[in-house]
Amino acid sequence: MNAAASAHWLPGDRLPDVRLRAADGDSHTLHAEFAGRPLWLATPVDAASASQLPSPPDGVIAICVGATAPEGAASGWSAYAADPRWCAGLGTGLFWQADANLRLQASQVLPLEVVPTVAADIAPFRGQETIAIAPVLQIPGVFEPELCLALIRHLEVDCAGGDVSAVLVMQDGEQRLQVDPNIKQRREVIPRDAQLDARMHERLMRRALPEIARVFNFEVRRRDPFKLLAYPENAGYFRAHRDNETPDVAHRRFALSVNLNQAEYTGGEFRYPEFGPHLFSPPTGAALVFSCSLLHEVRPVERGTRYAMTTFLA
Ligand SMILES: O=C(O)CCC(=O)C(=O)O
Ligand SMILES: [Fe+2]
């Protein structure tokens with residue numbers, strides 16, 4: 001096993017693309033042919049280790065990469081050889097679970113000590129018709145839970161809760177910052193901890209930017225400063241607005257927002273009234289990315305405090 005080799009793939013990372021060779025000699029690429037369903041991927045070192053792999057549940061694609069695989073098609077596993085350069089980078093003796101978007105969910109060393117289960121978020125798709133949906137992108141697991149907690153602490157403790165959020169208004173031909181409860185009510189602060197800033201930046205570079213490039217075909221070159229937000233119980237909201245309407249923010253292309261404690265409040269969902277009634281409340285650590293030209297609102301928080309981190313990309 002080589003833990004060092006696999007250490008650079010963390011839960012939340014999208015698996016690298018790779019060319020796989022089937023027993024009949026045909027070649028297949030991971031991203032092109034194995035996305036769209038949850039994936040189990042194993043790299044057992046020998047036949048004994050391969051024979052201990054559990055059968056995958058229905059709807060899960062299971063591929064065994066390397067010299068050996070569990071016997072026969074009935075096992076639910078398909079055997080492939082991979083480009084050896086990739087195998088070296090991956091490491092052998094490993095078991096990976098990835099979601100339908102090929103994002104790593106969990107990894108274990110073989111033989112397995114914990115029986116793998118299919119978590120709700122990597123369960124096979126159940127078809128559901130919808131008439132309209134806002135063109136937003138959700139990226140799970142951009143920040144780890146521990147980073148989310150550190151950010152909340154930074155806002156509440158190190159930054160003494162932040163400042164009441166103001167809006168820019170034009171008055172007598174001049175721009176002025178002014179608190180306006182007709183528009184929004186929340187606290188906010190630009191983080192003052194360079195290490196937290198660097199950790200957020202690294203996670204965005206690693207997990208959000210490649211997805212934005214893939215989904216929106218857009219290469220991010222600029223980022224506004226990070227902002228930590230608190231929407232208090234019965235007092236926090238941001239009414240419908242667009243994020244690029246005044247000259248000072250016209251450069252913004254995409255808004256990115258990460259929920260930091262989604263299970264601890266109710267209300268506070270995003271809504272895109274131009275695109276129907278759906279409410280968006282991504283889980284803790286997930287990023288919501290959308291065009292700054294879309295009308296959007298953050299619904300009033302009813303219970304608890306909603307914490308989030310937001311920035312704008314261009
Ligand atoms: O609360 C958030 O996550 C972001 C709210 C928002 O729309 C904004 O700050 O422009
Ligand atoms: Fe906004």
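Reply: Strand β1 (residues 19-22) runs antiparallel to strand β5 (residues 77-82), the two being joined over three bridges. Strands here are DSSP runs of E with at least two residues, helices are runs of H or I with at least four residues, and both are numbered from the N terminus; two strands pair if DSSP finds at least two bridges between them. Within this pairing, L20 stands opposite A82 in β5. Strand β5 also pairs with strand β4 (residues 61-65), here in the parallel sense and over four bridges.

The model is predicted: local features need pLDDT of at least 70, side-chain atom pairs count only at pLDDT 80 or more, and totals for chains, interfaces and linings use all residues. Residues are numbered from 1 along each chain as its sequence is written, while chains are lettered from A and ligands numbered from 1 in the order in which they are written.

Of the contacts in the protein chain with a separation of 6 or more, 71% are between residues 24 or more positions apart; a contact requires C-beta atoms, placed from the backbone, within 7 Å of each other. Of the 314 residues in the protein chain, 32% are buried, that is, with 20 or more other C-beta atoms within 10 Å of their own, C-beta atoms being placed from the backbone.

Note on methods: Buried ≥ 20, exposed ≤ 12 C-beta atoms within 10 Å, placed from the backbone. Contact = placed C-beta atoms within 7 Å.
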